[in-house]
Amino acid sequence: MKKVPFSQMYPKATPEALDLLEKLLTFDPALRITVEEALKHPYLASYHDEEDEPNHDYHFDFSFESVEGIDDMKRMIAQEVIDFKNQKMGNLNPLSRNTGPLAAPTREYIGNVPKDEDLHGGAMDLDEELRIKEGL
């Protein structure tokens, strides 16, 4: 599929906005604009204040998120869902986070987590669910 120019998608955008968008959405992270470069971009000039922008001398280490394969990724996602459900239901730690290899959640445990439909009588989006929980 041929790339559609941002100028065609956003004909009313300024050249500076289109340039920044192009640089921010570069697919290859090694070629993508850095945060510092983005803050210095002409499109953001009115918001840029070096005295008010924190800077860090080190890069954050995301190696803890690395997974070896699809099965590990599935287990990681399932664990995140379980942790979210536990937090939402007020359970502090029924399944402690495992710091070793990720274990798949058991059908027995997943079966005990109520579905949104069971709690509220029908499917709803997260915003609606949070409004109900907060009593808004």
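**Salt bridges and buried faces**

Modeller: Start with arginine 75 and aspartate 72: they sit 3 residues apart in helix H4 (residues 70–89), so about one helical turn separates them. Keep in mind that this is a predicted model.

Biologist: What makes the contact between arginine 75 and aspartate 72 a salt bridge?

Modeller: The cut-off is 4 Å between a side-chain nitrogen of Lys or Arg and a carboxyl oxygen of Asp or Glu. Here the N to O distance is 2.6 Å. The pair therefore qualifies as a salt bridge.

Biologist: Why is arginine 75 called partly exposed?

Modeller: Buried means under 20% and exposed means over 50%. Arginine 75 has a relative accessible area of 23%, so it falls in between. Aspartate 72, at 25%, is also partly exposed.

Biologist: How many salt bridges does the structure hold?

Modeller: It holds 3. Another joins lysine 23 and aspartate 19, at 3.1 Å from N to O. These two are 4 residues apart in helix H2, about one helical turn. Lysine 23 is partly exposed at 35%, and so is aspartate 19 at 31%.

Biologist: What makes the link between glutamate 22 and lysine 3 a salt bridge?

Modeller: Their side chains meet at 2.4 Å, N to O, and the limit is 4 Å. Glutamate 22 lies in helix H2 and lysine 3 in the segment before H1, so the pair ties together parts 19 residues apart in sequence.

Biologist: Is lysine 3 buried or exposed?

Modeller: Exposed, at 54% relative accessibility, because the threshold is over 50%. Glutamate 22, at 32%, counts as partly exposed.

Biologist: Which residues of helix H2 are buried?

Modeller: Ala17, Leu18 and Leu20 are buried in H2 (residues 15–24).

Biologist: How do you know that they share a side of H2?

Modeller: They cover an arc of only 165 degrees around the axis, which puts them on the same side. The buried residues of H2 pack against helix H1 (6–9) and helix H3 (35–39).

Biologist: Which residues make the nonpolar surface patch?

Modeller: Val4, Met9 and Tyr10 make it, with an area of about 280 Å².

Note on methods. Residues numbered from 1 in each chain as written. Predicted model: local features only at pLDDT ≥ 70, side-chain atom pairs only at ≥ 80, totals over all residues. Heavy atoms only, no water. Buried < 20%, exposed > 50% of the residue type's maximum accessible area, 1.4 Å probe, protein only. Arc of directions from axis to C-beta. Contact = heavy atoms within 4.5 Å. Patch = residues over 30% accessible without salt bridge, like charges linked within 9 Å, V, L, I, M, F, W, Y side chains within 5 Å. Areas by Shrake-Rupley, 256 points an atom, 1.4 Å probe, with all protein chains shown as cover.
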